[in-house]
Amino acid sequence: QAQLVESGGGLVQPGGSLRLSCAASVSIFLYTMAWYRQAPGKQRELVAYITSTRTTDYADSVKGRFTISRDNAKNTVYLEMNSLNTEDTAVYYCNRRPPAAGFWGQGTQVTVSS
């Protein structure tokens, strides 16, 4: 069964940076891949996506601060996050876009706090 494993989260101060990784157990090169996040008490939301041809798009709240990229040879998707603020605190997940129900990983916690 295909798996996604997210990593790279942690505790960071406002204004700091983190780089998240998402490693897939299957080839992803044909798929549009995305990062999602879920903050406490809120619904899961789309943060960014990258197509198979590397077209990208971002939620308005992260434009100019986050960068999504992919390495198909490693079946890995990345999310570079800069200028983090407290509203970025959430569990971050990767998946296809649209998401595949059986493809959710455990996520990685990002906490932005002073």
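**Close-up views of a predicted model**

The salt-bridge count here comes to five, taking a salt bridge as a side-chain nitrogen of Lys or Arg within 4 Å of a carboxyl oxygen of Asp or Glu. This is a predicted model, where local features need pLDDT of at least 70, side-chain atom pairs count only at pLDDT 80 or more, and totals for chains, interfaces and linings use all residues. Residues are numbered from 1 along each chain as its sequence is written, and side-chain values use heavy atoms, with hydrogens and water left out.

**View 1. Arg19 pairs with Glu80 in a salt bridge.** The closest N and O atoms sit 3.8 Å apart. The pair ties together distant parts of the chain, with Arg19 in strand S3 and Glu80 in strand S8 (residues 76-81), 61 residues apart. Strands are DSSP runs of E, at least two residues, numbered from the N terminus. Arg19 is partly exposed at 47% relative accessible area, and Glu80 is partly exposed too, at 29%. For the cut-offs, buried means under 20%, exposed over 50%, and partly exposed in between (1.4 Å probe, protein chains only).

**View 2. Asp88 has salt bridges to Arg37 and to Arg65.** Arg37 and Asp88 meet at 3.0 Å, N to O. Arg37 belongs to strand S4, while Asp88 is in the loop between S8 and strand S9 (90-96), 51 residues away. Arg37 is buried at 5% relative accessible area, and Asp88 is buried at 1%. For Asp88 and Arg65, the closest N and O atoms are 2.8 Å apart. Arg65 lies in the loop between strand S6 (56-58) and strand S7 (66-71), 23 residues from Asp88. Salt bridges with shared partners join Arg37, Glu45, Arg65 and Asp88 into one network.

**View 3. The largest pocket holds about 160 Å³ of space.** A pocket is an open set of points on a 1 Å grid where a 1.4 Å probe fits, with protein on both sides within 12 Å along at least five of seven lines; lining residues have an atom within 4 Å of a point. There are 13 lining residues, and Arg37, Lys42, Glu45, Ser61 and Glu87 lie nearest the centre. The lining splits into two nonpolar, five polar and six charged residues.

**View 4. Ala24 comes up beside Asn75, with 5.4 Å between their C-alpha atoms.** The two are 51 residues apart along the chain. Ala24 is in strand S3 and is buried, with a relative accessible area of 13%.

Definitions and conventions:
Grid points are joined across faces, edges and corners, and a volume is the space filled by probe spheres set on the points. Ala, Val, Leu, Ile, Met, Phe, Trp, Tyr, Cys and Pro count as nonpolar, Asp, Glu, Lys and Arg as charged, and the others, Gly among them, as polar. Helices (H or I, at least four residues) and strands (E, at least two) are DSSP runs, numbered from the N terminus.
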